[in-house]
Amino acid sequence: MDAIPLALEGYLAAEAEAGGREGTASWRLNCSAGTDRLVEEAVIPCTTIEPEIAHALLTERQPGDLLRVIGHLTLPDTADGVLRLHADTLEVLWEAPLLTADGDDADTATTTDADAERNSAIAALTEALTGLGQAAPGPGQSIRIHVSPTGALGTGLEHCRSIDITPARAQQIADAVDAMNCYLASERPDGVLPDPETIADLTDLFEDIDLIDLTNTVLNATRPESRPAVTRAMDDMFGDVPVAEETDP
């Protein structure tokens with residue numbers, strides 16, 4: 001059966017193994033593709049006879065690295081056979097951080113709780129992001145978001161996800177993040193977000209402010225010699241302040 005040209009992105013599931021001949025290697029690629037209702041997963045066996053790729057996998061790459069592999073997929077001749085991707089090129093999209101040993105007295109229970117909390121957060125984030133998209137972003141350009149635990153190194157790879165969204169959806173996410181960060185740091189404790197009703201009330205309040213009336217009121221209550229400085233101060237606060245139509249001397 002003819003080999004099928006294919007490009008795959010996925011995480012290195014375990015350390016690569018040297019092949020039977022020098023300059024060859026084999027490894028497993030953990031791939032996932034997120035949709036709005038389903039996250040499909042597959043572990044694809046890969047091999048290469050390219051010495052440079054084999055050397056990089058055996059000496060530089062580590063489990064958890066996000067890789068892009070381009071090559072040819074061969075299908076098995078029998079139903080119980082194994083498909084395999086023969087890699088011609090390899091690109092590193094993201095490097096997993098190195099783990100450092102914490103000693104024999106590490107608090108395993110605390111680590112387990114932290115992992116569970118992290119994995120739950122990844123699942124919630126993935127569900128929210130895939131809910132913004134669709135089964136396929138459709139024709140044209142799309143944006144891929146990779147969500148994975150840090151320091152995976154062979155563990156937790158089942159929680160790695162890739163979600164494709166349209167540029168329009170990506171802009172909506174960016175606008176939402178900007179809105180979350182739009183506040184005076186001195187007026188809100190770290191980690192505390194205003195409730196939606198408060199945000200709505202503040203929005204209505206500022207939308208009702210008439211800058212012309214505000215400017216007239218402030219300048220009418222300001223001594224003439226101080227008006228240039230007050231105007232500059234208001235300009236710094238609100239932007240270009242409209243020129244007052246009339247002011248009392």
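Predicted model: local features only at pLDDT ≥ 70, side-chain atom pairs only at ≥ 80, totals over all residues.

Student: OK. How many helices and strands does the protein chain have?

Tutor: There are six helices and eight strands, in the order β-β-β-β-α-β-β-α-β-β-α-α-α-α along the sequence. Those are DSSP runs numbered from the N terminus: helices are H or I with at least four residues, strands are E with at least two.

Student: And how much of the protein chain counts as buried?

Tutor: 26% of the 249 residues. Buried means under 20% relative accessible area, exposed means over 50%, and partly exposed is in between (1.4 Å probe, protein chains only).

Student: Which residues have the most contacts inside the largest nonpolar core?

Tutor: Trp27, Leu29, Val69 and Leu85, in a core of 15 residues. Strand 1 (4-12), strand 3 (25-34), strand 4, helix 1, strand 5 and strand 6 each supply at least two residues of this core. Apart from it lies another core of six residues, including Ile122 and Val147. A nonpolar core here is a set of buried Ala, Val, Leu, Ile, Met, Phe, Trp, Tyr and Cys residues joined through side-chain atoms within 4.5 Å.

Student: What is Trp27 in contact with?

Tutor: Leaving aside neighbours within four places in sequence, its partners include Leu12, Ile44, Thr48, Leu57 and Val69. Contact means heavy atoms within 4.5 Å.

Student: Switching to charges: how many salt bridges does the count come to?

Tutor: Five, where a salt bridge is a side-chain nitrogen of Lys or Arg within 4 Å of a carboxyl oxygen of Asp or Glu. Glu60, Arg61, Asp65 and Glu95 are linked in a network of them.

Student: What are the distances for Arg61?

Tutor: Arg61 and Asp65 have their closest N and O atoms 2.7 Å apart, while for Glu60 and Arg61 the value is 3.9 Å. Glu95 and Arg61 meet at 3.3 Å, N to O. That last pair links distant parts of the chain, 34 residues apart: Glu95 is in the loop between strand 6 (84-94) and helix 2 (108-132), and Arg61 is in the loop between helix 1 (51-59) and strand 5 (66-74).

Student: Is Glu95 buried or exposed?

Tutor: Glu95 counts as exposed, at 51% relative accessibility. Arg61 is buried at 14%, and Asp65 is buried at 0%.

Student: Last one: which residues form the nonpolar patch on the surface?

Tutor: Leu202, Leu205, Phe206, Ile209 and Leu211, with about 440 Å² of accessible area together. Helix 4 (residues 196-207) gives the most, three residues. Patches use residues with over 30% relative accessible area and no salt bridge, joining like charges within 9 Å and nonpolar side chains (Val, Leu, Ile, Met, Phe, Trp, Tyr) within 5 Å. Areas come from the Shrake-Rupley method with a 1.4 Å probe; for residues, only the protein chains shown count as cover.

Notes. Residues numbered from 1 in each chain as written. Heavy atoms only, no water.
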